[in-house]
Amino acid sequence: VISLDEDARDALVEIFNLGVSKSAVALSQMVGAEVRLSTPDFEVIRIDQIAEKIAQGGDLACVVREDFRDGLDGGAMLVFTEQEGLRLVARLLDSPFPLPKLAEAEAEALSEVGNIILNACLAQIADALQIYLETSLPVCQVVGMAKWIPSAGSGMGPNMGTSEAILLKVNLNVEERGIMGYLIFLLDVRSTVKLKSLLAAFVQRLGA
Amino acid sequence: MTTILVIDDSSTARKWIAREVRKHLPQAEIVESPSGDAGLVLVKSTTFDLVTVDFNMPGLNGIEFIQQLRAFNPSIPVAMITANTQQTNIDRARALKAELYGKPLTEAVVGELLRKAGLSP
């Protein structure tokens, strides 16, 4: 079972906070509007619980995913309901809304948005933990909420056959645009031991 | 005529970079390449004043592209424009005489980038 003590948990949420703050700045620059963040949620969950954790009433999820490995193995995801994703793309491409569906050009644009947002966060986390994270290319998919996690991986990151993962979730709320999405980071259970030692070293450096 | 090669697998990113560059250099000729491999072919056949390259791409990544470019062109200004701004990548780029700039590019950052490349309007 994954467990982190209070210091490690606090450090992880703080590092994640720094990362998503960078993401919010990047998204704000792209859409020209203020982006508000919720306090990150942290929990250990079963993989099959993820859809119900993020569902907002939509049946379809618009997911941009990048996996990472090396310093830690995991997956980072930017998730919107399909309508939220289409609304964001319409804003970015100056297209009329509503768009009928996520066609190739829109998916490509959303992939790049996800790439920027996810990497802004991952780079901050990597530098804070003094590790390197090699990332996969972004993949954008519209998939059914119930099955998107198992089908979206590149095979580079976590083994989704594992039953548990660390879930770090934050809401991104684009003010004045009515767009809300989620940033989700999953860590492979096997990375947990490494994560604990990295967090301990991070806390020690703070105290030095 | 200033000629700039923009290498990025994302057409959205290429358009974004071209748009920001044209705010400073409206007359610049901007050549787009969707990969490092195709970009290498272009820099061997055409003279560019500046090359921008993404880091994370299919085929050659940005660092690998610059390594191969430096083997036959040690002096052309190169800017690696990527969302992956880890310190390791900044150090790798600098070791190859390239600067790393984070996405999304802003008008101010592009101005700095062009000045460092000796392309101030």
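Is B:Glu32 buried, partly exposed or exposed, and at what relative accessibility? I opened my notebook with that one. The model is predicted, and I read off 38% relative accessibility for B:Glu32, so B:Glu32 counts as partly exposed.

Next I looked up the partner of B:Glu32. I found a salt bridge to B:Arg14, with the closest N and O atoms 2.9 Å apart. This pair ties together distant parts of chain B: B:Arg14 sits in helix α1 (residues 11-24), B:Glu32 lies in strand β2 (residues 29-33), and 18 residues separate the two. I then checked the arginine end. B:Arg14 has 12% relative accessibility and therefore counts as buried, since buried means under 20%.

On to chain A. Which residue does A:Arg65 form a salt bridge with? I noted A:Asp67, and the closest N and O atoms of this pair are 2.7 Å apart. I looked up the burial as well: both A:Arg65 and A:Asp67 are buried.

With 27% relative accessibility, B:Glu99 counts as partly exposed.

Which residues are joined into one network by salt bridges that share partners? I wrote down A:Glu112, B:Asp8, B:Asp54 and B:Lys103.

Last entry: how many salt bridges does a search of the whole structure find? My tally over all chains reads 11, including the A:Arg65 and A:Asp67 pair and the B:Arg14 and B:Glu32 pair.

Key: Residues are numbered from 1 along each chain as its sequence is written. Chains are lettered from A and ligands numbered from 1 in the order in which they are written. This is a predicted model: local features need pLDDT of at least 70, side-chain atom pairs count only at pLDDT 80 or more; totals for chains, interfaces and linings use all residues. Side-chain values use heavy atoms; hydrogens and water are left out. A salt bridge is a side-chain nitrogen of Lys or Arg within 4 Å of a carboxyl oxygen of Asp or Glu. Buried means under 20% relative accessible area, exposed over 50%, partly exposed in between (1.4 Å probe, protein chains only). Helices (H or I, at least four residues) and strands (E, at least two) are DSSP runs, numbered from the N terminus.
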